[in-house]
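Reader: I would like to see how the terms used for a structure follow from the values behind them. Could we take them in turn?

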Amino acid sequence: MTTYKLVAADLDDTLLRDDLTISEATIAAMHQAVAKGVTVTIATGRSFPSAAKIANQIGLNVPIITYQGALIKNLIDEEVIYERTVPVDCARYLLDYCEQRGLHLQLYHGDELYAGEDNDKVKKYVHLTKTPYIVGDLRQWIDIPQPKMLIIDEPAVCDQIREELLPILGDQLHITKSKPHYLEFMHKEGTKGHAITFLAEHIGCTLEQVIALGDAWNDREMLEVAGLGVAMDNALPELKALANYVTKSNNDDGVRHVLETFVLV
């Protein structure tokens, strides 16, 4: 049986229950895995400050993967160990595209979130992620290096935008969905798969020794590269189809179930 050295779990709808909490039993299992010498971390589309709050609550002290894999930062000293930002010409193109169509676009830089207007979309987003945000003309920030850009809209609209932009930006950007109504744009190497590959090498283990857990399409790349790619029971059917293993749902301690089955044995 493989000895796993790195476990990376997505946050929303994976490690977090629907009420955005983590059970004490799951936290205990994570600590037991750490005591066995396993690196347990999170891999999320959220910003570093948003993810760091949760990682600190759990009591992790490892590098965490944020912004879909575009940024890996140490929790303790906040040293950046991996970073990929959206090419500026792509960022400008995307802003023009969104302005012409009246779409809601969010920018990210230096742990801040920027929105063009203070609407329900950004309010709901920050309620979920607990991220501070700044409202203003996005043009003043568009040339600043950013780990990701995000469009919020109806699921069907997001799918349509993705189909439209893939032929134009698909060779320069990684375009994925983290939730049905969140369409995200990162550097080509700003994926959870790239981040997991980098982190495995950083801590000195093989990809075969990695467990990755997720529920959404933005988790696909890390499930594909990990030795054990795990989909939650509440995951997208397409993700379950490519996973090596399907665990219990996020509300039924699916992450703990995997730790107890594959690590704490």
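Author: This is a predicted model.

Reader: Which strand pairs with E9 over 4 bridges, E11 or another?

Author: Strand E11 (residues 182–187) pairs with E9 in the antiparallel sense over 4 bridges. Here Met 149 has Phe 185 in E11 as its bridge partner.

Reader: Which way do the side chains of E9 point?

Author: From strand E9 (residues 149–152), Met 149 and Ile 151 point one way, while Leu 150 and Ile 152 point the other way; all are buried.

Reader: Why is the pair of Tyr 108 and Tyr 125 called edge-to-face?

Author: Rings pair if their centres lie within 6.5 Å, and planes over 60 degrees apart count as edge-to-face. The ring centres of Tyr 108 and Tyr 125 are 6.4 Å apart and the planes stand at 65°, so the pair is edge-to-face. A search of the whole structure finds 6 aromatic pairs.

Reader: What does the pair of Tyr 108 and Tyr 125 tie together?

Author: Tyr 108 lies in strand E6 (residues 104–109) and Tyr 125 in helix H5 (residues 120–129), so the pair ties together parts that are 17 residues apart in sequence. Tyr 108 and Tyr 125 also belong to one aromatic cluster with Tyr 67 and Tyr 182.

Reader: How do you know whether Tyr 108 is buried or exposed?

Author: Buried means under 20% relative accessible area. Tyr 108 has 1% relative accessibility, so Tyr 108 counts as buried. Tyr 125, with a relative accessible area of 3%, is buried as well.

Reader: What lies over the face of Tyr 108?

Author: Lys 148 does, at 5.0 Å from the ring centre. The distance limit for a charge over a ring is within 6 Å. Likewise, the charged end of Lys 73 sits over the ring of Phe 48, 4.5 Å from its centre.

Reader: Why are E3 and E5 said to stand at the edges?

Author: The open sheet has 3 strands in the order E3-E4-E5, with antiparallel pairing. Strand E3 (63–66) and strand E5 (80–83) each have a single partner strand, so one side of each is left without a neighbour in the sheet.

Conventions. Residues numbered from 1 in each chain as written. Predicted model: local features only at pLDDT ≥ 70, side-chain atom pairs only at ≥ 80, totals over all residues. Heavy atoms only, no water. Phe/Tyr/Trp six-rings, centres within 6.5 Å; stacked < 30°, edge-to-face > 60°. Helix = DSSP H or I, 4+ residues; strand = E, 2+ residues; numbered from the N terminus. Buried < 20%, exposed > 50% of the residue type's maximum accessible area, 1.4 Å probe, protein only. Lys NZ or Arg CZ within 6 Å of the ring centre and 35° of its normal. Pairing = 2+ DSSP bridges.
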